[in-house]
Amino acid sequence: MPRDSNYWFPAKRYGWGWGPPVRWQGWVVIAGFAILLAAGAAALLRHSPAGFIGYAVLLTVLFTGICWWKGEPPRWRWGGD
């Protein structure tokens, strides 16, 4: 990935998906995901495990959408790209 790129999440070198963020905005997204997941666990898990699973799935879908929007286009990589 070129240094002047505006991507928050670079593509993984091997496989499909994204690696750790290269911009501060990506780190904020990861921290927000972790904080919201922990807060949801504290609030929902004891009373409604199924509700927490739904909440976690929703957060994961949103997180993946942000990675798709602000990350390098995903494709299968074999390391030589």
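Select Arg 77, which is buried, with a relative accessible area of 10%; buried means under 20% relative accessible area, exposed over 50% and partly exposed in between, with a 1.4 Å probe and protein chains only. This is a predicted model, in which local features need pLDDT of at least 70 and side-chain atom pairs count only at pLDDT 80 or more, while totals for chains, interfaces and linings use all residues. Residues are numbered from 1 along each chain as its sequence is written, and side-chain values use heavy atoms, leaving out hydrogens and water.

Arg 77 lies in strand β2. Helices (H or I, at least four residues) and strands (E, at least two) are DSSP runs numbered from the N terminus. Show the side chain of Arg 77: it reaches the backbone oxygen of Pro 73 at 3.5 Å. This is a polar contact, a pair of N or O atoms within 3.5 Å; within protein, one must be able to donate a hydrogen and the other to accept it, and residues adjacent in sequence count only if both atoms are side-chain atoms. Apart from neighbours within four places in sequence, Arg 77 is in contact with Ala 11, Lys 12, Arg 13, Tyr 14, Gly 15 and Glu 72, where contact means heavy atoms within 4.5 Å.

Next, select Glu 72, in the loop between α2 (49–70) and β2 (77–78). Glu 72 is buried, at 13% relative accessible area. A polar atom of its side chain lies 2.9 Å from the backbone nitrogen of Ala 11.

Move to Gly 71, also in the loop between α2 and β2. Gly 71 is buried, with 4% relative accessibility. Which residues does Gly 71 touch, not counting those up to four places away in sequence? They are Tyr 7, Phe 9, Trp 18 and Ile 66. The C-alpha atoms of Gly 71 and Trp 18 are 7.1 Å apart, although 53 residues separate the two along the chain.

Now select both helices. The axes of α1 (residues 24–44) and α2 come within 9 Å and cross at roughly 170 degrees. Axes are lines fitted to C-alpha atoms, for helices over the stretch in contact, and angles run from 0 to 180 degrees between N-to-C directions. The helices are therefore roughly antiparallel, a term for angles over 145 degrees.

Finally, show the whole chain. It has two helices and two strands, in the order β-α-α-β along the sequence. Of its 81 residues, 27% count as buried.

Technical notes. Angles under 35 degrees count as roughly parallel, over 145 as roughly antiparallel, 65 to 115 as roughly perpendicular and the rest as oblique.
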